[in-house]
Amino acid sequence: MTYTTPDICDEFSNSLQVLEPLFTEFGGRKKFSGEIVTIKCFEDNSLVKQTLATAGHGKVLVVDGGGSLRCALLGDLLGAMAVKNGWQGVLVNGCVRDVEILKGMDFGVRALNSYPVKSNKRGEGQLDVIVRFAGVSFEPGQYLYADENGLVVADQKLPLGQGV
């Protein structure tokens, strides 16, 4: 991937949303992009697990965990599942855990913070709904682009060349 988010912002500024700089890198892949799949959940990662168990080639999972800092919605086991199923990355409006293992995975992970406590399992959550956080509205089918400079969302896949 040859793009940078500053270059994307320069070229496509009128058709982008730029996330507020709230997120920390936890995955082994610093640059990732893909079609957005959304989940809205609160302190329950049941739907995160269920979704990452499906084929995710070319996709990024955007999880609105309500900004909770009281439990992790992704850890090493779900990260490994995501890598196995071809997901490009996960953006979590909440926490992750097992960060020393996530850093070694070829997978993008951004989250508010890390926290060692796992989430509840109540089978709750919503898939493919519009979620809003970090000053951005995420809709299924939009595209997320992430690198060390930040994260941006476009309504459609941008014509950036090979590998994106």
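Predicted model: local features only at pLDDT ≥ 70, side-chain atom pairs only at ≥ 80, totals over all residues.
**Helix 1 and its cover**

Helix 1 spans residues 5-12, and Thr 5, Ile 8 and Phe 12 are its buried residues. Viewed down the helix axis, these buried residues fall within an arc of 55 degrees, so they line one face of the helix. An α-helix has 3.6 residues a turn, so residues three or four places apart point the same way. Asp 10 and Glu 11, on the other side of helix 1, are exposed. The cover over the buried residues of helix 1 includes strand 1 (16-18), strand 11 (143-147) and strand 12 (150-154).

Strand 12, one of the elements covering helix 1, is itself mostly covered, with five of its five residues buried. In a regular strand the side chains alternate between the two faces of the sheet. In strand 12 both faces are covered: Gly 150, Val 152 and Ala 154 are buried on one side, and Leu 151 and Val 153 are buried on the other.

Strand 12 pairs with strand 1 in the antiparallel sense over three bridges. Within this pairing, Gln 17 stands opposite Val 153 of strand 12. Strand 12 also runs antiparallel to strand 11, to which five bridges join it. Asp 147 has Gly 150 in strand 12 as its bridge partner. Strand 11 and strand 12 form a hairpin, with two residues between them.

**Buried residues in loops**

Which residues are found in loops and yet buried? The table lists three of them, with the loop in which each lies and its relative accessible area.

| Residue | Loop | Relative accessible area |
|---|---|---|
| Glu 43 | between strand 3 (32-40) and helix 2 (46-52) | 12% |
| Ala 134 | between strand 9 (131-133) and strand 10 (136-138) | 8% |
| Gln 142 | between strand 10 and strand 11 | 5% |

Most residues other than glycine have a negative phi, and most peptide bonds are trans. Glu 43 has a positive phi, near 55 degrees, although it is a residue other than glycine. Ala 134, also not a glycine, has a positive phi of about 55 degrees.

The side chain of Glu 43 makes a polar contact of 2.7 Å with the side chain of Ser 68. Leaving aside residues up to four places away in sequence, Glu 43 touches Ser 68, Arg 70, Cys 71, Leu 73, Ser 119, Asn 120 and Arg 122.

Gln 142 forms a polar contact of 2.9 Å, side chain to side chain, with Asp 155. Beyond four places in sequence, the residues touched by Gln 142 include Gln 17, Val 153, Ala 154 and Asp 155. By contrast, the C-alpha atoms of Gln 142 and Arg 110, which are 32 residues apart along the chain, are separated by 18 Å.

**Aromatic contacts**

How many aromatic pairs does the model contain? The count comes to three aromatic pairs. In one of them, the rings of Tyr 3 and Tyr 145 have their centres 5.6 Å apart and their planes at 85 degrees; planes over 60 degrees apart count as edge-to-face, so this pair is edge-to-face. The pair links distant parts of the chain, as Tyr 3 lies in the segment before helix 1 and Tyr 145 lies in strand 11, 142 residues apart.

Both partners are buried: Tyr 3 has a relative accessible area of 4%, and Tyr 145 has a relative accessibility of 1%. Elsewhere, Phe 23, Phe 133 and Phe 138 form one aromatic cluster.

Key
Residues numbered from 1 in each chain as written. Heavy atoms only, no water. Buried < 20%, exposed > 50% of the residue type's maximum accessible area, 1.4 Å probe, protein only. Helix = DSSP H or I, 4+ residues; strand = E, 2+ residues; numbered from the N terminus. Arc of directions from axis to C-beta. Contact = heavy atoms within 4.5 Å. Polar contact = N/O pair within 3.5 Å; in protein donor to acceptor, adjacent residues only side chain to side chain. Pairing = 2+ DSSP bridges. Phe/Tyr/Trp six-rings, centres within 6.5 Å; stacked < 30°, edge-to-face > 60°.
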